[in-house]
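Me: Hey, I've got a model open and would like to talk it through. Can you help me find my way around?

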Amino acid sequence: MPLTGQQMKIISERPLNDAFDHLRDQFRDFNETDDLLQEHIRAVLVALVLSPAALSLPSPLGSSNVATNLLSIKLHLQDNVVNLDPFRPLLRHVVEKAPDETIWAAVFSLIDAIRPRTPPLPSIVPTFKGTPIKTSSSRLADSETRDIVELELFEEIKNCTFRNVGGFCDKFFNPQNWREEQKTMLKGIMTTYDGKVWKDFPATPDEGPVWDWLRSLEERFLAEAPYKLHTTATAHQFKERKGQMDIFLQQPATSSIFQYKHVLVVGEQKKSYSTSRFKADLLQLTRYVRGVFADQPTRRFVHAFSFCASKMELWIFDRSGAYSSGPFDIHHEPDKFARALVGYTTMDDVMMGLDTFIEREDNHRYITLSDVNNNETRIKLNQAMVRQKAIVCRGTTCYKTENNHVAKFSWASDKRKPEVEHLKLAEERGVKGVARVVAHRRITTVAEMREGLQFPKAHWFRRDDIHFEDLPSATTSTSALGHKRKSSSDITSDSGSGSKRPRSNSQRSKLVRKLDDQPSIASEAKPSLYTPGEDLWDDRIYSCLVISPAGRVISEFSTAKELLESLQDAIKAHQSLYTTGNILHRDISSNNIIITDPTTTTTDGFRGMLIDLDLAKVRDSGPSGARHQTGTMQFMAIEVLRKADHTYRHDLESFFYVLLWVCARQAWSNGFSGENEKALKKSTLRRWEIGSFEEIANNKEGDMTVNGLERIMREFPQSLDIIKPLCLRIRNVLFPFDKDLRMSFGTPAGDPGQLYAPIIEAYDEAISSL
C-alpha cells in the first residue's frame, strides 16, 4: 500500500532503528510450524506497537492509531485460528532488514487485509470449557479467583482420589522392564545408601539443601538421562505465571523462563511432613498439574510427587482422578525413591503419559482415523482451537484440520452413548443444522491405562464437608481461573536454602485456611458434578472425532445481525435434532453453537449450527449411569440445577442464557463498546458461576424477573440496545406466570412447537428491525 506524504514524514522522524535486532536471529525459516511462526509474528507486532511511529501514525481505518490496530491484531492472533499468509510479507521485510518505509507499507497492507476491530481490554474472566485458547488471565491477582480455583479442584478430585494403590510402583517404576543403562543408573544411586539412611541427605531437610542433594545425585548418576530436574526461585520464571513450582522435570532448559507445555513431572517439596496438611499440599500440587494439562491438552496422564522432609508420595493424575503409591520414607524404602528418580528422568513416552497418537512429521501433525466408510484416512492437524482447563473432565481439545474440518479429542464417560453414534443417527434421520461425521477413532480408555492396579476405597478427606453458604465455590471447570503463587503452612527459608524465597503462613489462600479450619460433620448430599456411584472411579473412553464444518464459536460474533441469525438457526437445528432426530442435546452453551457460512454445501444453508453431542441423549431412553451432571454451569436451566429431568425447554432456556451472556460479557471484547463505555468490573452474571447448584438456581430465578433481566441488560453495550426487546419477549415465552402469578420454570405438556415457534418468530422480527 503506497504511503502518503504525512505518513512518510512521521516514519522518517520516528525511525525503527534497532527495534528488531533482538528478534532477527530467532526466525529465519519461513516453513516452520504455524505455532512457532505465530510466536515470531506476535513478537514483531509487539515491537511495532512499542515503536514511537505506531502511536503517531493515524489508523488507515479512520479511528485510533496504528498501535491500537496492531495490538488488536495481536490479540486476535493470540486467541483465534488465523490464516498466517497476510503476515508473511511483513515478517520477511523485518528479517531482510528492509527500509522503514517498506516495513510500514507492509503494516498498512496487513491492517487493510485483517481490518481489526478495537476491543477494550477484557475485564472479565474468560471461560476455558471448550472456548478458544487464551494464554493468560487478567485475574491472576484476584484472591477470590485463587480461592475458586482451589475449591474447583477440590470438587473435581474429592471423590476420586486414591492412596496406597496396589501395584503402583511395579507398573510405573519396574526395573525388570528397564534398559541396561537405566539399571546402571539405579545401581549407581543405590551406592549412596548405607543400609540405614541416604548418605549426605541433609540432617535438617530445608528445601535448599535437599535440592542440592538431589542435584548431586543427578550429576553423579543421571548425567545421561534425557530429562532433568529444575526448580524456580519466583513465580515469574514461568512464562504463564501459574505459580512457583518447587521441583519439576523436563528436557534440559535453554532459558531461565519455563513453560508448562514442557513440564513432564510436577513436584512439591516441604521441609516437614504433616498429615494435617495433606489436603492443602495436594491442592497445591493439583494446581500445577492442572496447568500442565491446560498446556498439554492431549496428554494421557501427568506424573507428580510430594517430597516432605524424608517422606515421599508418588502420584498420577488422569481424567478420572488422582491416585498414588501412598506415602513412604525414603530411608526405610530406599528402592522406591531410587526407582522413582531414575524412572522420572528416563521414562518413555507411554509411561510418561505423553500423547502418542498424534504423529509428528516434517514440523506438521497428523492423525490416522477411520472414515465413514471404515477406510483409514490420514488427516493433517493445523492450529489448536479449543481446550478444557480442568483435570477430572472430558478434556475436550479441538484442532482445525485441512479441508475446513475440526478434530475433537475427548474423554467421554463409558456410560454414555458415544458422540459419533449420536451424530450418525442424526444424519440417518435427516436432521439439519448439526455437524456431520468425517472420521473417528477410539484411542484408549482410563481402564486400559490403569490395568493391573488394585484400588482401595476413595480417600476420605476429613474436612471435605464445606458449607456452600460460607465459601465461594465453583463446581464446574468452565472458568479461566488463575493460579496462585506457592503457599504453605510452614515453609520458611533460612540462610542455607539459597534458591528459595521465604513464604509465610499469611500467603496461604483464604480457601486453604478455611478448608483446614472446617470441623468434621456428618456427610450431607451436596450438589456436585461428580457424584459417587457403584464403581470406584468413572471409566472414560478417549477418542478422536473429525466433524464438518468448521466454524467460529458464537461468542466471536462480529455484528448483532450475525449473532441473532446464528442463534436463530441453531435453535432451528435443535428443533430438528429433537423432533426429527429424537435426540436431546443437553449441553447448549456458547461453545457448542458455531457461526457458519450458509453458502457452503456442508451447512444445509444454516448460519448457526450445533456441535458437541457428548452429553446428548436419545429421547425416552433410560439414565446413562454416568456420574456427571449434564451441562455447562453458566447456561444450565434452573430446573436442571435443581436436578429435574432434562427437557427440550431447558435447552431453550440455555439458548436464552447464551444470548444474555455473550451480549453482557463477550460483546465488550468484540468491539461493541462505544466511546467512554466500559464493561462492569463485576458482572451480575458472575453469580451464575459461583456457588452451589441451588445457589446458582436461586440467582437465576431472581435474574429472570423483569427487574432482574433489566439489570442484566444494563450491562449490554449501547450498540446492542436493539436486542433488549427480543430478550424481554423470550423471557415472557420461557417464564410465564401461572394462575397464582408465580413464575413458571416447567415444561408445558403438548407439542414442543408451542415454545420453538414463538421464540423463532421473535428472532425473525428482531432481525428484520436491524
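Me: Where does the model come from, and how many helices and strands are in the protein chain?
Reply: It's a predicted model. The protein chain has 24 helices and 21 strands.

Me: How much of the chain is buried?
Reply: Of the 770 residues in the protein chain, 59% are buried. The chain exposes about 30,700 Å², and carbon and sulfur atoms supply 49% of that.

Me: And what share of the contacts comes from residues 24 or more positions apart?
Reply: 73%, counting contacts in the protein chain with a separation of 6 or more.

Me: OK, helices. How do α22 and α23 sit relative to each other?
Reply: α22 covers residues 706–713 and α23 covers 724–734; their axes come within 11 Å and cross at roughly 150 degrees. An angle over 145 degrees counts as roughly antiparallel, so that is what α22 is to α23. The crossing of α22 past α23 is right-handed.

Me: Which residues make that contact?
Reply: On the α22 side you have V706, L709 and M713, and on the α23 side K724, C727, L728 and R731. By class, the α22–α23 contact has five nonpolar residues, two charged and no polar ones.

Me: What about α20 and α23, what's the crossing angle there?
Reply: Roughly 160 degrees, with the axes of α20 (residues 648–666) and α23 coming within 11 Å. α20 and α23 are therefore roughly antiparallel too. α20 passes α23 in a left-handed crossing.

Me: Switching topic. Which residues of α15 are buried?
Reply: In α15 (residues 419–428), those are E419, V420, H422, L423, L425 and A426.

Me: What covers them?
Reply: The cover includes the strands β14 (405–413), β15 (436–445), β16 (540–548), β18 (583–584) and β21 (617–618), along with helix α18.

Me: What is F557 in contact with?
Reply: Leaving aside neighbours within four places in sequence, F557 contacts R552, E562, L563, I595, V662, A667, N670, F672 and L720. As for Q666, it's 109 residues away along the chain from F557, and their C-alpha atoms are separated by 9.1 Å.

Me: Last one, K196: buried or exposed?
Reply: K196 has 68% relative accessibility, so it counts as exposed. You'll find K196 in the loop between α10 (180–190) and α11 (207–221).

Me: How far is the C-alpha of K196 from that of H332?
Reply: Their C-alpha atoms are 7.2 Å apart, though K196 and H332 are 136 residues apart along the chain.

Methods
Residues are numbered from 1 along each chain as its sequence is written. This is a predicted model: local features need pLDDT of at least 70, side-chain atom pairs count only at pLDDT 80 or more; totals for chains, interfaces and linings use all residues. Side-chain values use heavy atoms; hydrogens and water are left out. Axes are lines fitted to C-alpha atoms, for helices over the stretch in contact, and angles run from 0 to 180 degrees between N-to-C directions. Helices (H or I, at least four residues) and strands (E, at least two) are DSSP runs, numbered from the N terminus. Angles under 35 degrees count as roughly parallel, over 145 as roughly antiparallel, 65 to 115 as roughly perpendicular and the rest as oblique. A crossing is left-handed if the near helix is turned anticlockwise from the far one by less than a right angle, and right-handed if clockwise. Contact means heavy atoms within 4.5 Å. Ala, Val, Leu, Ile, Met, Phe, Trp, Tyr, Cys and Pro count as nonpolar, Asp, Glu, Lys and Arg as charged, and the others, Gly among them, as polar. Buried means under 20% relative accessible area, exposed over 50%, partly exposed in between (1.4 Å probe, protein chains only). Accessible areas come from the Shrake-Rupley method with a 1.4 Å probe; for residues, only the protein chains shown count as cover.
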